[in-house]
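Dear colleague,

Please find the structure below. My notes on what was found in it follow.

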Amino acid sequence: MNPVEFALVLTSALLHAGWSASIKGSRDPLVFNLLQELPVIVVAAVTLPLIEWSEIPAPVWRWLALTSVAHAYYFYWMSLAYEHGDLTLVYPIARSTPALLPLLAVPLFGEPVSAGGALGIAVVVGGMWLVHLGPGLGWRDFGSPAARYAYLTLATTVVYSLADKGAMV
(Lines give C-alpha, C1' and ligand atoms only; values in the text may rest on other atoms or scores of the structure.)
Protein backbone atom coordinates (compact mmCIF):
# COMPACT_ATOMS: atom_id res chain seq x y z
CA MET A 1 0.00 0.00 0.00
CA ASN A 2 1.50 3.31 -1.01
CA PRO A 3 1.48 6.37 1.30
CA VAL A 4 -1.45 8.03 -0.48
CA GLU A 5 -3.62 4.91 -0.17
CA PHE A 6 -2.62 4.56 3.47
CA ALA A 7 -3.51 8.20 4.14
CA LEU A 8 -6.89 7.73 2.45
CA VAL A 9 -7.65 4.68 4.60
CA LEU A 10 -6.70 6.55 7.79
CA THR A 11 -8.73 9.60 6.74
CA SER A 12 -11.71 7.40 6.02
CA ALA A 13 -11.40 5.73 9.43
CA LEU A 14 -11.16 9.10 11.20
CA LEU A 15 -14.19 10.47 9.34
CA HIS A 16 -16.18 7.35 10.19
CA ALA A 17 -15.24 7.54 13.86
CA GLY A 18 -16.21 11.22 13.90
CA TRP A 19 -19.51 10.40 12.25
CA SER A 20 -20.23 7.76 14.90
CA ALA A 21 -19.31 10.17 17.69
CA SER A 22 -21.70 12.72 16.16
CA ILE A 23 -24.51 10.16 16.15
CA LYS A 24 -23.82 9.28 19.78
CA GLY A 25 -23.66 12.96 20.75
CA SER A 26 -26.92 13.89 19.07
CA ARG A 27 -30.14 14.30 21.07
CA ASP A 28 -31.91 11.66 18.98
CA PRO A 29 -29.60 9.28 17.09
CA LEU A 30 -32.40 7.88 14.91
CA VAL A 31 -33.55 11.32 13.76
CA PHE A 32 -29.91 12.29 13.21
CA ASN A 33 -29.44 9.27 10.94
CA LEU A 34 -32.69 9.89 9.06
CA LEU A 35 -31.75 13.51 8.41
CA GLN A 36 -28.46 12.36 6.93
CA GLU A 37 -30.39 10.47 4.29
CA LEU A 38 -32.02 13.62 2.89
CA PRO A 39 -29.08 14.49 0.60
CA VAL A 40 -29.05 10.89 -0.65
CA ILE A 41 -32.74 11.16 -1.51
CA VAL A 42 -32.15 14.43 -3.37
CA VAL A 43 -29.26 12.97 -5.38
CA ALA A 44 -31.32 9.85 -6.15
CA ALA A 45 -34.27 11.94 -7.31
CA VAL A 46 -32.01 13.84 -9.69
CA THR A 47 -30.15 10.81 -11.06
CA LEU A 48 -32.91 8.17 -11.22
CA PRO A 49 -34.36 9.50 -14.50
CA LEU A 50 -30.90 9.15 -16.08
CA ILE A 51 -30.61 5.41 -15.41
CA GLU A 52 -31.23 2.87 -18.16
CA TRP A 53 -33.25 0.46 -16.00
CA SER A 54 -33.42 -2.34 -18.57
CA GLU A 55 -29.63 -2.67 -18.47
CA ILE A 56 -29.62 -3.70 -14.82
CA PRO A 57 -29.57 -7.53 -14.54
CA ALA A 58 -32.34 -9.18 -12.52
CA PRO A 59 -29.99 -10.66 -9.88
CA VAL A 60 -28.71 -7.16 -9.08
CA TRP A 61 -32.24 -6.14 -8.10
CA ARG A 62 -32.37 -8.96 -5.53
CA TRP A 63 -29.02 -7.90 -4.09
CA LEU A 64 -30.21 -4.29 -4.06
CA ALA A 65 -33.33 -5.25 -2.12
CA LEU A 66 -31.25 -7.20 0.42
CA THR A 67 -28.70 -4.42 0.91
CA SER A 68 -31.47 -1.82 1.21
CA VAL A 69 -33.22 -3.73 3.98
CA ALA A 70 -29.89 -4.38 5.72
CA HIS A 71 -28.96 -0.68 5.54
CA ALA A 72 -32.33 0.33 6.98
CA TYR A 73 -31.89 -2.01 9.95
CA TYR A 74 -28.27 -0.89 10.26
CA PHE A 75 -29.29 2.73 10.81
CA TYR A 76 -32.11 1.71 13.15
CA TRP A 77 -30.10 -0.68 15.35
CA MET A 78 -27.02 1.55 15.37
CA SER A 79 -29.19 4.44 16.55
CA LEU A 80 -30.63 2.31 19.36
CA ALA A 81 -27.19 1.05 20.34
CA TYR A 82 -25.83 4.59 20.67
CA GLU A 83 -28.98 5.67 22.47
CA HIS A 84 -28.55 2.94 25.10
CA GLY A 85 -24.81 2.66 25.48
CA ASP A 86 -21.35 4.07 25.51
CA LEU A 87 -19.50 4.79 22.30
CA THR A 88 -16.59 2.79 23.69
CA LEU A 89 -18.78 -0.32 23.94
CA VAL A 90 -20.94 0.06 20.84
CA TYR A 91 -18.40 1.23 18.27
CA PRO A 92 -15.93 -1.68 18.55
CA ILE A 93 -18.71 -4.25 18.35
CA ALA A 94 -20.56 -2.59 15.48
CA ARG A 95 -17.29 -2.15 13.58
CA SER A 96 -16.18 -5.77 14.00
CA THR A 97 -17.30 -6.68 10.49
CA PRO A 98 -13.77 -7.88 9.56
CA ALA A 99 -14.15 -10.57 12.23
CA LEU A 100 -17.05 -12.22 10.42
CA LEU A 101 -16.90 -11.11 6.81
CA PRO A 102 -13.96 -13.28 5.69
CA LEU A 103 -15.54 -16.33 7.32
CA LEU A 104 -18.59 -15.89 5.11
CA ALA A 105 -17.08 -14.35 1.97
CA VAL A 106 -14.67 -17.26 1.43
CA PRO A 107 -17.35 -19.99 1.21
CA LEU A 108 -20.02 -17.80 -0.43
CA PHE A 109 -17.91 -16.10 -3.09
CA GLY A 110 -14.70 -18.13 -3.15
CA GLU A 111 -12.70 -15.12 -2.01
CA PRO A 112 -9.06 -16.10 -1.65
CA VAL A 113 -7.25 -15.27 1.59
CA SER A 114 -3.47 -15.56 1.63
CA ALA A 115 -1.56 -16.51 4.77
CA GLY A 116 -0.46 -12.88 5.12
CA GLY A 117 -4.04 -11.70 4.63
CA ALA A 118 -5.28 -14.15 7.27
CA LEU A 119 -2.62 -12.91 9.68
CA GLY A 120 -3.60 -9.29 8.98
CA ILE A 121 -7.27 -10.09 9.55
CA ALA A 122 -6.41 -11.86 12.82
CA VAL A 123 -4.34 -8.89 14.07
CA VAL A 124 -7.07 -6.36 13.21
CA VAL A 125 -9.81 -8.50 14.72
CA GLY A 126 -7.73 -9.18 17.83
CA GLY A 127 -7.17 -5.47 18.29
CA MET A 128 -10.83 -4.70 17.81
CA TRP A 129 -11.89 -7.30 20.34
CA LEU A 130 -9.29 -6.17 22.88
CA VAL A 131 -11.09 -2.82 22.88
CA HIS A 132 -14.10 -4.68 24.30
CA LEU A 133 -12.18 -5.37 27.49
CA GLY A 134 -12.88 -3.01 30.33
CA PRO A 135 -10.68 -2.01 33.25
CA GLY A 136 -8.66 -4.91 34.62
CA LEU A 137 -9.12 -6.78 31.33
CA GLY A 138 -12.59 -7.95 32.39
CA TRP A 139 -15.32 -8.40 29.80
CA ARG A 140 -17.94 -5.71 29.72
CA ASP A 141 -21.67 -6.31 30.08
CA PHE A 142 -22.51 -7.86 26.73
CA GLY A 143 -26.05 -8.62 27.88
CA SER A 144 -26.97 -4.94 27.91
CA PRO A 145 -29.40 -3.48 25.36
CA ALA A 146 -26.55 -1.41 23.89
CA ALA A 147 -24.45 -4.52 23.27
CA ARG A 148 -27.39 -6.43 21.79
CA TYR A 149 -28.16 -3.57 19.38
CA ALA A 150 -24.46 -3.25 18.56
CA TYR A 151 -24.33 -6.95 17.63
CA LEU A 152 -27.44 -6.53 15.47
CA THR A 153 -25.70 -3.57 13.82
CA LEU A 154 -22.68 -5.79 13.24
CA ALA A 155 -24.89 -8.43 11.62
CA THR A 156 -26.37 -5.89 9.23
CA THR A 157 -22.93 -4.63 8.19
CA VAL A 158 -21.96 -8.19 7.34
CA VAL A 159 -25.18 -8.72 5.38
CA TYR A 160 -24.92 -5.52 3.34
CA SER A 161 -21.21 -6.08 2.70
CA LEU A 162 -21.96 -9.55 1.33
CA ALA A 163 -24.94 -8.25 -0.66
CA ASP A 164 -22.81 -5.51 -2.18
CA LYS A 165 -20.18 -8.08 -3.16
CA GLY A 166 -22.89 -10.36 -4.56
CA ALA A 167 -24.15 -7.56 -6.80
CA MET A 168 -20.63 -7.11 -8.17
CA VAL A 169 -20.10 -10.80 -9.05
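The largest pocket has a volume of about 180 Å³, the volume being the space filled by probe spheres set on grid points that are joined across faces, edges and corners. A pocket here is an open set of points on a 1 Å grid over the protein atoms alone, where a 1.4 Å probe fits, with protein on both sides within 12 Å along at least five of seven lines; lining residues have an atom within 4 Å of a point. The lining consists of Val9, Ser12, Ala13, His16, Tyr91 and Arg95. Helix α1 (residues 3-25) gives the largest share, four residues. By type, the lining holds three nonpolar, two polar and one charged residue, with Tyr counted as nonpolar.

This is a predicted model, in which local features need pLDDT of at least 70 and side-chain atom pairs count only at 80 or more, while totals for chains, interfaces and linings use all residues. Residues are numbered from 1 along each chain as its sequence is written, and side-chain values use heavy atoms, without hydrogens and water.

The mean pLDDT (the predictor's confidence in each residue, from 0 to 100) is 87, and 92% of residues reach 70 or more. Confidence is lowest in helix α6 (residues 115-130), at a mean of 80, and highest in helix α3 (residues 58-84), at 94. Helices are DSSP runs (H or I) of at least four residues, numbered from the N terminus.

The axes of α3 and helix α2 (residues 29-47) come within 8 Å and cross at roughly 145°; axes are lines fitted to C-alpha atoms over the stretch in contact, with angles from 0 to 180 degrees between N-to-C directions.

Yours sincerely

Note on methods: Helix = DSSP H or I, 4+ residues; strand = E, 2+ residues; numbered from the N terminus.
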